[in-house]
Number of protein chains: 2
Amino acid sequence: MKKNLYRKELAGFKPYVPGKPIEEVKREYGLTDIVKLASNENPLGPSPLAMEAVIRAVKDINLYPESTAVELKRDLAVYLGVKVENLVIGNGGEELLMLIAQTFINEGDEVVVTAPSFGIYNTSTCLMGARIITVPLQKKNFDISGYCMAVTDKTKLIYLCNPNNPTGNIITKTELDELLKKIPKNVVVVLDEAYYEFASVNPDYPKSLGYLEERPNTIILRTFSKVSGIAGVRIGYLVTSEENAAEMNKIKLTFNVNRLAQEAARGALRDQEHIQKTVELNYKSLSMMEAYFNKKEFDFFPSNANFIFVNAKQHSKIIFEELMKKGIIIRPGYFWGWDTWLRVSTGTEAQTQKFIDELEVILCKG
Amino acid sequence: MKKNLYRKELAGFKPYVPGKPIEEVKREYGLTDIVKLASNENPLGPSPLAMEAVIRAVKDINLYPESTAVELKRDLAVYLGVKVENLVIGNGGEELLMLIAQTFINEGDEVVVTAPSFGIYNTSTCLMGARIITVPLQKKNFDISGYCMAVTDKTKLIYLCNPNNPTGNIITKTELDELLKKIPKNVVVVLDEAYYEFASVNPDYPKSLGYLEERPNTIILRTFSKVSGIAGVRIGYLVTSEENAAEMNKIKLTFNVNRLAQEAARGALRDQEHIQKTVELNYKSLSMMEAYFNKKEFDFFPSNANFIFVNAKQHSKIIFEELMKKGIIIRPGYFWGWDTWLRVSTGTEAQTQKFIDELEVILCKG
């Protein structure tokens, strides 16, 4: 890298590695029939109302999108019971995470995360030149007292992925209350609730929107990529104080969210039937996998999301590659330093059964 | 703004103000029939092949897009005669401009721009804490010697919007050669060619891709928003050295370009017929406006793009508002400090004639 040409933050930057796309596996392995259980996508496909909305809007794609996503925000405000002014809409949750970093994080700040967790917290923090403090999970849970001890005068922001990706455990209401009581109010608390609709069936899952009034520096992040099945159009949103939202909306890209995504999201929001079907299928698929893992005496995290994290007792790189040869894509745990663990997204019943059957074949050979 | 909560760069930040969207004008003025000549959109609508591609891809929007846009890059590499490794694909040109800033611009650096020009150069520079040096246009042209004098040891990057937005004038091959000869090779030169397909019919317009080998720190930015008419899906690209492209691709959002945009762009690239029709209509619309402006003895910039910048000799805020009442949206020059000037996008012949007729009524009243 040429000295001084690039920003110094780029020198040690390690990009996030996403799940392998179906198209790529088809090309590389010469396969046509792929089961992708690697990116926590919706196995039922996109919300039908979202698809209809896209098709209706396609004739207008010569026009720039609405910069402020005014109609989607109005729908969302009603849906969530918040004000339009509390909302920021992004090109997927990933853009919102980068926008949070650009809004709040200075060089020299400290940012607290858990591990293993979603890699974008680290990449966005690194890009702004701040320091990451990692508080690993303890016994399959967030380490609340560890988080409290990690917060110092230099802490600008803490990330809580709830449910946590890749493990699927939640931080409960009781734990969150304890944590928020102990850390200063000027610390920005990001609750990443990408898997909200799956987790909210758990009575211990906190109702985070209720925290905003008391604690304005809370940011609640959600997405249409998971339960609504429109990851491909890229759209997510966050809820925070009006003041924080105004600052973020001020510096976001003018046209960050494309026209089709805005319409798809409005369609998806109306499509509660698709959301319900997706959540039901999810817990069916999880039960199938849990039953198999119990039979194998595999350790796993109880999941509150649309994936499960399991210790398959062999190196995940090998299992990953063997499954790929069968046309099944999962996420090997060695990415997170959990070498014998796998993160497997939920699928249709047939996809889930195929994964179980092929894993069994691999493990018997191994 | 709370002290120390937000990054200091946000304090004086002035966001870019886009053209008013049709939906907003309909709402505010209770109109149903709007002619929008404010955002340099394609009056023929989107490329039909792009629309077909979107409709084909909609069933797959539950899947994340390809992170590296591999198929589009392959198409583009063939189309442009460059390597896949020279390309970066963005969520519109705007995201690429922000990515350029995030890759190259440190606090304390200097960045040279012209004025009036595209506001995103300034906002992206400000967000990275660098200093903007402005070299205003001189006699309707880029001030080449002014640019040369403005470049110092601190200069990291210069922006050349070619053709320039909002004025439509170009920097010629001769001028560009002179400029590049005089400034150090470590200065990054960004040639924003958003209006490339319109300008390239001018024999004096530089063939910028040819400069890359000799001068790797050149960045050529193009978009599908203008001539291809798919601004609504957000997709643009840039061409630079393999090394620069690798750094930018390393830090870009993992899923920055949505699935439908990637497919739409591939369709648009195949749709040379739509491009040709658009360029032809553009110069017809420009001729109609130029004839009228000449009759009125209005000063205007000869345009190499799909808009024209004209001095209507009355305050642009008034003309803007009067036109809006008639359902015509243009861009008033006071945004750029050119109070009596208007930027008017080209339209269909009927739209162009309607603009001319309504402007004439306003001017006769005024």
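In this predicted model, 74 residues of chain B and 74 residues of chain A take part in the contact between the two chains. Together the chains bury about 6,500 Å², and carbon and sulfur atoms give 57% of that area. A rotation of 180° with 0.0 Å of shift along its axis places chain B on chain A.

**Contact between chain B and chain A**

- Arg7(B), Asn62(B) and Tyr64(B) supply 10% of the area that chain B buries against chain A, more than any other three residues.
- The interface between chain B and chain A holds 6 salt bridges.
- One salt bridge pairs Glu66(B) with Arg27(A), whose closest N and O atoms are 3.4 Å apart.
- Between chain B and chain A there are also 40 residue pairs in polar contact, with both residues at pLDDT 80 or more.
- Several helices of chain B each supply at least two residues of the side that touches chain A: α1 (22–29), α2 (48–57), α3 (70–80), α4 (92–104), α5 (120–127), α9 (242–251) and α10 (259–270).
- The largest share of that side of chain B, 7 residues, comes from α4(B).
- By residue class, the side of chain B that touches chain A divides into 36 nonpolar, 19 polar and 19 charged residues.

**Symmetry of the two chains**

- Two copies of a chain are related by a rotation about an axis and a shift along it.
- For chain B and chain A, the rotation is 180°, the shift along the axis is 0.0 Å, and the superposition has an RMSD of 0.0 Å.
- This is the relation of a two-fold axis.
- The C-alpha of Ile55(B) is the one in chain B nearest the axis, at 3.2 Å from it.
- Both copies use the same surface, since 100% of the contact residues of chain B recur in chain A.

- In chain A, 23 residues of domain 1 are in contact with 25 residues of domain 2.
- The two domains of chain A bury about 2,000 Å² between them, with 64% of this area on carbon and sulfur atoms.
- Ile275(A), Phe301(A) and Asn304(A) supply 31% of the area that domain 1 of chain A buries against domain 2 of chain A, more than any other three residues.

- The side chains of Lys140(A) and Asp299(A) form a salt bridge, with an N to O distance of 2.5 Å.
- Across the interface of the two domains of chain A, 11 residue pairs are in polar contact, both residues being at pLDDT 80 or more.
- Helix α11 (272–295) and strand β9 (307–311) of chain A each supply at least two residues of the side of domain 1 that touches domain 2.
- Of these elements, α11(A) gives the largest share of that side of domain 1, 6 residues.
- The side of domain 1 of chain A that touches domain 2 of chain A is made up of 11 nonpolar, 10 polar and 2 charged residues.

Conventions
Residues are numbered from 1 along each chain as its sequence is written. Chains are lettered from A and ligands numbered from 1 in the order in which they are written. This is a predicted model: local features need pLDDT of at least 70, side-chain atom pairs count only at pLDDT 80 or more; totals for chains, interfaces and linings use all residues. Side-chain values use heavy atoms; hydrogens and water are left out. Contact means heavy atoms within 4.5 Å. Buried area is the accessible area (1.4 Å probe) that two parts lose on being put together, summed over both. A salt bridge is a side-chain nitrogen of Lys or Arg within 4 Å of a carboxyl oxygen of Asp or Glu. A polar contact is a pair of N or O atoms within 3.5 Å; within protein, one must be able to donate a hydrogen and the other to accept it, and residues adjacent in sequence count only if both atoms are side-chain atoms. Helices (H or I, at least four residues) and strands (E, at least two) are DSSP runs, numbered from the N terminus. Ala, Val, Leu, Ile, Met, Phe, Trp, Tyr, Cys and Pro count as nonpolar, Asp, Glu, Lys and Arg as charged, and the others, Gly among them, as polar. Copies are superposed by least squares on the C-alpha atoms of residues with pLDDT of at least 70 in both.
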